Amino acid sequence: MTWKIVSLPGDGIGQEVVASATTFLTLLAEKLQLTLDIENHLFGGASYDVHGKMLTDETLEACKNADAVLLGAVGGPKWENLPHNEKPEAGLLKLRKELGLYANIRPAKVYNALSNASTLKQDVLQGTDFVVVRELTGGIYFGHPRGYDEEKGYNTMVYEKYEVERIAKQAFELARKRHHKVTSIDKANVLEVSQFWRHIVHDVHKSYPDVELVDMYVDNAAMQVVRDPKQFDVIVTSNLFGDIISDISGMITGSLGMLPSASLGDKYALYEPIHGSAPDIAGQNKANPLATIASVAMMFESSFNRPDIAKFIIEAIEKTLAKGYRTGDIMGEGGKCVSTTEITAHLIESFNEVYAAEHQL
Ligand SMILES: NC(=O)c1ccc[n+]([C@@H]2O[C@H](COP(=O)([O-])OP(=O)(O)OC[C@H]3O[C@@H](n4cnc5c(N)ncnc54)[C@H](O)[C@@H]3O)[C@@H](O)[C@H]2O)c1
């Protein structure tokens, strides 16, 4: 069986972290005798510089023909002043929309070895392990009318029934594989669109009586995520609220460089770290590739139905951190600061150890 992966390194550190993930994947495939066909395509500013477009039809077609897409990050100062609809972000939104990736899954897991890397207290964080399921192709980021003139600016937050139903189902299904609790975040005390959201989520919940459902206003949720993150299992929310809540969740794990994500639709799947192209450290071999590698673990779990391999990858990350290896963004007392390529090599070594121990080699 061959799995076809389209890799879109993108810009800045996107290229470095995807190179790290590709090296890791190639060695993993050799070890486990898997056949992976990894095909690189330009995307974002890198594509704009060559083709005058952030996303070409050819790249989009390649993504549609792949079993999974691995993305680094896009953007940077060079393309900042392009018109709104030509910017790297527009290319990213178009890719997500074209692939119908309506569910963004962002785990927020605190690794034991990093529980002192956050600005929050260790005892609040230790054991935190929840997942944010964010609606990705609807809501205020896509609603019309939108625009601004001299006198006013406006956007529209709108949700159709089918959009809320399918994201709610994703969340309940995920909760069934975890700790059977969904927290739905909205602003139903003020917004009609949130009252509608809540009503539909409760309707979908009727088919999942084994899962507990809790409603929470977004302002309270922002507070609860930092006050007591262990109360959450699966969070489901709209595009705008999910954007904000998942970044707050990100910081409790210590660094953006540790946060993977999966964007899923009915036909296609894309995996990416949640961080951007980090122009401040790009090209310096300083980027943390672990979020991208953890995204690869999500790929094995969701797209290739190999949770066993996903587990090895996460254990290899944990082992590498336990040995004290750190990139600059997660550097704490007593850690050994290493480069992107060095941590990749340590990760491969840890993977081999985890694999050997499991198979008593
Ligand atoms: N999905 C995406 O492609 C995506 C997401 C966010 C931002 N962006 C774009 O990226 C560019 C930079 O945005 P930004 O600075 O706001 O966010 P960013 O995530 O790129 O960087 C924020 C900070 O975190 C650090 N950081 C991020 N990822 C890291 C990693 N893996 N290892 C070590 N340090 C890391 C950076 O050095 C920086 O100090 C902008 O053009 C923005 O539009 C792209």
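Which residue in β3 is the bridge partner of Leu8? The partner is Leu71. The legends below start from that pair, in a model that is predicted.

**Figure 1. Strands β1 and β3 run side by side in the parallel sense.** β1 covers residues 2-10. β3 covers residues 68-73. Five bridges join the two strands. Leu8 and Leu71 form one of the facing pairs, with Leu71 on the β3 side. Strands of a sheet pair through backbone hydrogen bonds, either parallel or antiparallel.

**Figure 2. Ten strands make an open sheet with mixed pairing.** Read across the sheet, the order is β2-β1-β3-β12-β11-β4-β5-β10-β8-β9. β2 (35-40) and β9 (212-217) stand at the edges. Each of these edge strands has a single partner, so one of its sides has no neighbour in the sheet. From one strand to the next, the twist averages 25°.

**Figure 3. Two helices pack against strands of the sheet.** Helix α6 spans residues 161-177. This helix touches β4 (103-109), β5 (129-135), β8 (181-186), β9, β10 (234-237) and β11 (260-264). The direction of α6 makes about 165° with that of β5. Helix α10, residues 290-302, lies across β1, β3, β4, β11 and β12 (269-273). Relative to β12, helix α10 runs at about 155°.

**Figure 4. Strand β10 has parallel partners in β5 and β8.** Four bridges link β5 with β10. Here Val131 stands opposite Val234 of β10. Another four bridges join β8 to β10. In that pairing, Thr183 has Ile235 of β10 as its bridge partner. In a regular strand the side chains alternate between the two faces of the sheet. Which residues of β10 point one way, and which the other way? Val234 and Val236 point one way, while Ile235 and Thr237 point the other way. All four are buried.

Figure 5. Side chains of opposite charge can pair when their charged atoms come close. The whole structure holds 20 salt bridges. Glu98 is partly exposed at 36% relative accessible area. Lys64 is also partly exposed, at 27%.

**Figure 6. Arg106 and Asp247 link distant parts of the chain.** Their side chains form a salt bridge of 3.5 Å, N to O. Arg106 sits in strand β4, and Asp247 in helix α9 (residues 239-252). The two are 141 residues apart. Is Arg106 buried or exposed? Arg106 counts as buried, at 11% relative accessibility. Asp247 is partly exposed, with 38%.

**Figure 7. Glu349 and Lys323 belong to a network of salt bridges.** The side chains of Glu349 and Lys323 meet at 3.4 Å, N to O. Glu349 is in helix α12 (residues 340-358). Lys323 is in the loop between α11 (307-322) and β13 (325-326). The pair is 26 residues apart. Glu349 is partly exposed at 39%, and Lys323 is partly exposed at 25%. Through shared partners, salt bridges join Lys319, Lys323, Glu349 and Glu353 into one network.

**Figure 8. The ligand is surrounded by 21 residues.** The closest are Val74, Glu89, Gly276, Ala278 and Asp280. A polar backbone atom of Val74 is 2.8 Å from an oxygen atom of the ligand. For Ser277, a polar backbone atom lies 3.1 Å from a ligand oxygen. Asp280 uses its side chain: a polar atom there is 2.8 Å from an oxygen of the ligand. Ala278 lies in the loop between β12 and α10. Although not a glycine, Ala278 has a positive phi of about 40°.

Figure 9. Pro145 lies in the loop between β5 and β6 (147-148). His180 is found in the loop between α6 and β8. His180 is partly exposed, with a relative accessible area of 31%.

Conventions
Residues numbered from 1 in each chain as written. Predicted model: local features only at pLDDT ≥ 70, side-chain atom pairs only at ≥ 80, totals over all residues. Heavy atoms only, no water. Pairing = 2+ DSSP bridges. Axes fitted to C-alpha atoms, helices over the stretch in contact; angles between N-to-C directions. Contact = heavy atoms within 4.5 Å. Buried < 20%, exposed > 50% of the residue type's maximum accessible area, 1.4 Å probe, protein only. Salt bridge = Lys/Arg side-chain N within 4 Å of Asp/Glu carboxyl O. Near = heavy atom within 4 Å. Polar contact = N/O pair within 3.5 Å; in protein donor to acceptor, adjacent residues only side chain to side chain.
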